[in-house]
Amino acid sequence: METQIINDILITSTREIDGLVSVPVPPLSEKEAINIVLMEANLQTNHEISETKELKDIVKRSMYHPLTCKYVGRWFNLKRITGNKGFDLILSEINHALSHTTEPENPFDVLYALLNQAITPLVKGKESNTTRLCFVSLHAVFSQKFCDPSIPLEVANNFFSSVVESNAALLSNGILSCPLYQMHGRHAAKLVPEILGALGIFIITKHRSGREKSIQIDHDIIRRFGDYILEHG
């Protein structure tokens with residue numbers, strides 16, 4: 001009996017590709033979207049917030065898009081770990097962040113609005129620009145010049161420190177005035193990989209030796225988000 005060899009290749013894309021058979025993937029169901037948020041937030045899928053109107057509103061505003069739901073969950077978890085806030089308040093803050101995009105034309109409008117808020121978190125009621133500045137600087141220098149680069153964590157930390165030091169005046173009291181920088185000074189740069197790693201924007205990989213780590217931007221859509229910031233500011 002001859003073995004049949006199938007040479008089909010599956011390609012995922014946000015656009016149709018000429019000459020290929022397209023299989024449209026529909027949005028998630030409400031339950032599926034909520035489950036992704038809860039799993040990425042390190043909560044059980046039967047957690048009490050799964051039935052709240054606030055979370056249902058969030059996944060609806062996310063247009064039931066799996067990547068947006070993923071980053072909602074990551075941001076929720078980061079807020080839960082770093083702040084002394086109740087679940088209701090965290091959900092309210094995320095819902096408010098998603099409301100910045102009114103009548104979006106596609107899921108990426110919502111995703112970009114969410115990510116933009118997540119990387120400029122409020123510290124003492126003011127937006128913190130250090131993380132956003134470091135992310136877009138790294139994207140401009142590495143991602144646009146090299147294809148899918150994996151950057152040693154030590155190199156990334158030195159790069160972020162250089163970015164922060166060269167923009168110290170702006171971060172201190174200038175147009176990029178940043179409460180995170182005002183609290184930690186140049187040491188704020190050391191928090192950037194942890195924040196972006198927790199949000200899922202960076203993948204942090206530990207090498208076999210166990211001593212060295214590297215970072216990599218998680219997804220092509222995140223790289224496009226970096227392009228969006230560079231284009232629109």
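The crossing of helices H3 (66-82) and H4 (87-98) is right-handed, where right-handed means that the near helix is turned clockwise from the far one by less than a right angle, and left-handed that it is turned anticlockwise. The model is predicted, so local features are given at pLDDT of at least 70 and side-chain atom pairs at pLDDT 80 or more, while totals for chains, interfaces and linings use all residues. Residues are numbered from 1 along each chain as its sequence is written, and side-chain values use heavy atoms, without hydrogens and water. Helices (DSSP runs of H or I, at least four residues) and strands (runs of E, at least two) are numbered from the N terminus.

The axes of H3 and H4 come within 10 Å and cross at roughly 135°; axes are lines fitted to C-alpha atoms, for helices over the stretch in contact, and angles run from 0 to 180 degrees between N-to-C directions. H3 and H4 are therefore oblique to each other, given that angles under 35 degrees count as roughly parallel, over 145 as roughly antiparallel, 65 to 115 as roughly perpendicular and the rest as oblique. In contact (heavy atoms within 4.5 Å) are Val72, Trp75, Phe76, Lys79 and Arg80 of H3 with Phe87, Ile90, Leu91, Glu93, Ile94 and Ala97 of H4. This contact has eight nonpolar, three charged and no polar residues; Ala, Val, Leu, Ile, Met, Phe, Trp, Tyr, Cys and Pro count as nonpolar, Asp, Glu, Lys and Arg as charged, and the others, Gly among them, as polar.

H3 also packs on H5, at an angle of about 15° and with the axes 9 Å apart, which makes H3 roughly parallel to H5. The crossing of H3 and H5 is left-handed. On the H3 side the contact involves Leu67, Thr68, Tyr71, Val72 and Trp75, and on the H5 side Pro107, Val110, Leu111, Leu114, Leu115, Gln117 and Ala118. Of these residues, 10 are nonpolar, two are polar and none is charged.

The second largest pocket is lined by 25 residues, and Lys79, Lys85, Pro121, Leu122 and Val123 lie nearest its centre. A pocket is an open set of points on a 1 Å grid over the protein atoms alone, where a 1.4 Å probe fits, with protein on both sides within 12 Å along at least five of seven lines; lining residues have an atom within 4 Å of a point. The space in this pocket is about 760 Å³, taken as that filled by probe spheres set on the points, which are joined across faces, edges and corners. H3 gives the most to the lining, with five residues. The lining comprises 12 nonpolar, eight polar and five charged residues.
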